[in-house]
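This briefing is meant to be read with the model open beside the text. Please look at the sequence and the structure first, and then work through the topics in order.

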Amino acid sequence: MKREQLLRELRKLANEMNVEFTVTEDKGKGSHYRVKFNGKQTTIKSGELTPLYVQIIKKQLGIK
C-alpha cells in the first residue's frame with residue numbers, strides 16, 4: 001500500500017465517523033507526513049507501506 005492510499009482510506013473513515021482529520025506535509029523531516037485523527041497524532045513515511053506498518057499506524061490513531 002502506498003502512503004496516498006492510506007491517507008485516502010483514513011480521510012474516508014474520518015468522514016464516515018465525523019471526526020477531525022488533518023495531514024501536515026511541511027512539518028517534520030524529509031518527506032514524512034504528520035497525521036492527526038480524532039485528536040491522536042502520528043507520522044507516516046513515504047513510499048511503500050507494509051501491512052504491519054499500516055496496522056501499527058492505525059493502532060496509534062485508535063482505529064481497529
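A residue is called buried when its relative accessible area is under 20%, exposed when that area is over 50%, and partly exposed in between. Asn38, with a relative accessible area of 46%, is therefore partly exposed. The model described here is a predicted one, and the protein chain in it contains two helices and three strands, which follow one another along the sequence in the pattern α-β-β-β-α.

**Overall form**

- The C-alpha atoms of the protein chain fill a box of roughly 30 × 25 × 15 Å when the box is taken along the principal axes.
- A compact globule with 64 residues would have a radius of gyration near 11 Å, and the protein chain, with 11 Å, agrees with that expectation.
- Of the 64 residues in the protein chain, 27% are buried.
- If we consider contacts between residues at least 6 apart in sequence, 39% of them join residues that are at least 24 apart.

- Helix H1 has 15 residues and reaches 21 Å from its first C-alpha to its last, which is close to the 21 Å expected at 1.5 Å a residue.
- The buried residues in H1 are Arg3, Leu6, Leu7, Leu10 and Ala14, and because they cover an arc of only 100° around the axis, they lie on the same side of H1.
- An α-helix has 3.6 residues a turn, so residues three or four places apart point the same way.
- On the other side of H1, the residues Arg8, Lys12, Asn15 and Glu16 are exposed.
- The partners against which the buried residues of H1 pack are S1, S2, S3 and H2.

**The nonpolar core**

- In soluble globular proteins, nonpolar side chains tend to be buried together.
- The largest nonpolar core in this model has 14 residues, and the members that touch the most other members are Leu6, Leu10, Phe21, Val35, Ile44 and Leu61.
- H1, S2 and H2 each supply at least two residues of this core, and H1 gives the most to it, with four residues.
- When residues up to four places away in sequence are not counted, Phe21 touches Leu7, Leu10, Arg11, Ala14, Val35, Lys36 and Phe37.
- Ile57 is found in helix H2, and at 2% relative accessibility Ile57 counts as buried.
- Once its neighbours within four places in sequence are left aside, Ile57 is in contact with Leu6, Thr42, Thr43 and Ile44.
- Ile57 and Val35 are 22 residues apart in sequence, and their C-alpha atoms are 9.7 Å apart in space.

**Salt bridges**

- The structure holds three salt bridges, and one of them joins the side chains of Glu48 and Lys2, with a distance of 3.8 Å from N to O.
- Glu48 lies in the loop between strand S3 (40-44) and helix H2 (51-60), whereas Lys2 lies in the segment before helix H1 (3-17), so this pair ties together parts that are 46 residues apart in sequence.
- Lys2 has a relative accessibility of 46% and therefore counts as partly exposed.
- Lys58 forms a salt bridge with Glu9, in which the closest N and O atoms are 2.4 Å apart, and this pair links distant parts of the chain, with Lys58 in helix H2 and Glu9 in helix H1, 49 residues apart.
- Within that pair, Lys58 counts as buried at 12% relative accessibility, while Glu9 is partly exposed, with a relative accessible area of 32%.
- Arg3 forms a salt bridge with Glu4, the closest N and O atoms being 4.0 Å apart; Arg3 counts as buried at 10% relative accessibility, whereas Glu4 is partly exposed, with a relative accessible area of 39%.

**Two asparagines with a positive phi**

- Most residues other than glycine have a negative phi.
- Asn18 is not a glycine, and yet it has a positive phi of about 60°; Asn18 lies in the loop between H1 and strand S1 (21-24).
- At 69% relative accessibility, Asn18 counts as exposed.
- Asn38 likewise has a positive phi, of about 55°, although it is not a glycine, and Asn38 is placed in the loop between strand S2 (33-37) and S3.

Technical notes
Residues numbered from 1 in each chain as written. Predicted model: local features only at pLDDT ≥ 70, side-chain atom pairs only at ≥ 80, totals over all residues. Heavy atoms only, no water. Buried < 20%, exposed > 50% of the residue type's maximum accessible area, 1.4 Å probe, protein only. Contact = heavy atoms within 4.5 Å. Expected span 1.5 Å × (residues − 1). Arc of directions from axis to C-beta. Core = buried A, V, L, I, M, F, W, Y, C linked by side-chain atoms within 4.5 Å. Rg over C-alpha atoms; globule rule 2.2 N^0.38 Å.
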